[in-house]
Amino acid sequence: MFDVWNEGLPEISGVSRSRSKLLEQIHFLRDRHMQSLCYIPLFKRDDAATWGDEVTKTVKAYNEKLNGITLLQGQVLPLDDDLLTDLQAGRAIPLNKTLFVLVTLDGEDLQNAAEKLYQLAVAGYYPVLLYPEKDTRIQKHPDLLYKLVKQGAYTMMDATSLLSTTDKGRRKCTRALVSGNLIHMIGNYSEIFTKWDENKMEEVDTILSKINPAQQKSIKENFANLLSSKTIRIEEPLHVDKRSISSFFSKSKA
């Protein structure tokens, strides 16, 4: 099993955690059948510690101490104006030496985000939008994600979003997006293992099968395909709420 993982390694994030504790946590995930983790710290252009070379060097150092599980390199990339330049220079890096790039909205104007996602796709990259269901704008108007997908973005939902019981807006949004073929893969299972228990994995599959049984298999396979640059299978995205289409640009600012 493969997962993305954004725990703060002290070498990159400056957090005061011991390496031994982090190694224990990674091996804990290994014992729950995790074979590889892609470390995805947030890329900050003004912080060289988060650049591609540093991430790769840190990942290599951890792999020398790991047993039975592999740490891979990646980054969470804000949709900045200089993102393409940073990718071409190697400061920003795709996921595990593929052409998949993990991007985040992070309050970005949605009209601008759509254009930047298109530019990434034209440049030969495959942008994967991380956890769009957590964006409050998309929670209020799930159909806002439709335009981003049509502009070339793949999407990854946080597995814990399907288990959300207290946040009604997030729960309603996740179901609407999955039903509308607007979610292509699900990740961040590691949080389920570390904060709940592995039985919750079966609950994720059960919920997914009820919402969109036709896409359950491809959604799971797509996530694994990220590692090997295999084709991501998608279906034609559907409008979730046609009434929200006309308000896309008027409601696109954070």
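Good morning. I begin with the overall dimensions: for a chain of 254 residues, a compact globule would have a radius of gyration near 18 Å, and this chain has 18 Å, so the two agree. Please keep in mind that the model is predicted. Along the principal axes, the C-alpha atoms fill a box of roughly 55 × 45 × 35 Å.

Let me turn to the fold. The chain contains 11 helices and 8 strands. Of its 254 residues, 51% are buried. If we take the contacts with a separation of 6 or more, 76% of them join residues 24 or more positions apart.

Next, the surface and the charges.

Is Gln 73 buried or exposed? Its relative accessibility is 10%, and because buried means under 20%, Gln 73 counts as buried. Leaving aside residues up to four places away in sequence, Gln 73 touches several others, among them Val 55, Thr 56 and Val 59. Its partners also include Ile 93, Pro 94, Leu 95, Asn 96 and Lys 97.

Cys 38 is buried, with a relative accessible area of 0%. Cys 173 is likewise buried, at 1%. How many disulfides does the model have? The count comes to 0.

Finally, I would draw your attention to the backbone. As a general rule, most residues other than glycine have a negative phi. Tyr 131 is not a glycine, yet it has a positive phi of about 50 degrees. Where is Tyr 131 placed? It sits in the loop between strand 6 (126-130) and helix 6 (136-140). With a relative accessible area of 15%, Tyr 131 is buried.

Asn 188 also has a positive phi, of about 65 degrees, although it is not a glycine. Asn 188 is found in the loop that runs between strand 8 (185-187) and helix 9 (190-195). Its relative accessible area is 10%, and therefore Asn 188 is buried.

Thank you for your attention.

Notes:
Residues are numbered from 1 along each chain as its sequence is written. This is a predicted model: local features need pLDDT of at least 70, side-chain atom pairs count only at pLDDT 80 or more; totals for chains, interfaces and linings use all residues. Side-chain values use heavy atoms; hydrogens and water are left out. Helices (H or I, at least four residues) and strands (E, at least two) are DSSP runs, numbered from the N terminus. The radius of gyration is taken over C-alpha atoms; the globule rule is 2.2 Å times the number of residues to the power 0.38. Buried means under 20% relative accessible area, exposed over 50%, partly exposed in between (1.4 Å probe, protein chains only). Contact means heavy atoms within 4.5 Å. A disulfide is a pair of cysteine sulfur atoms within 2.5 Å.
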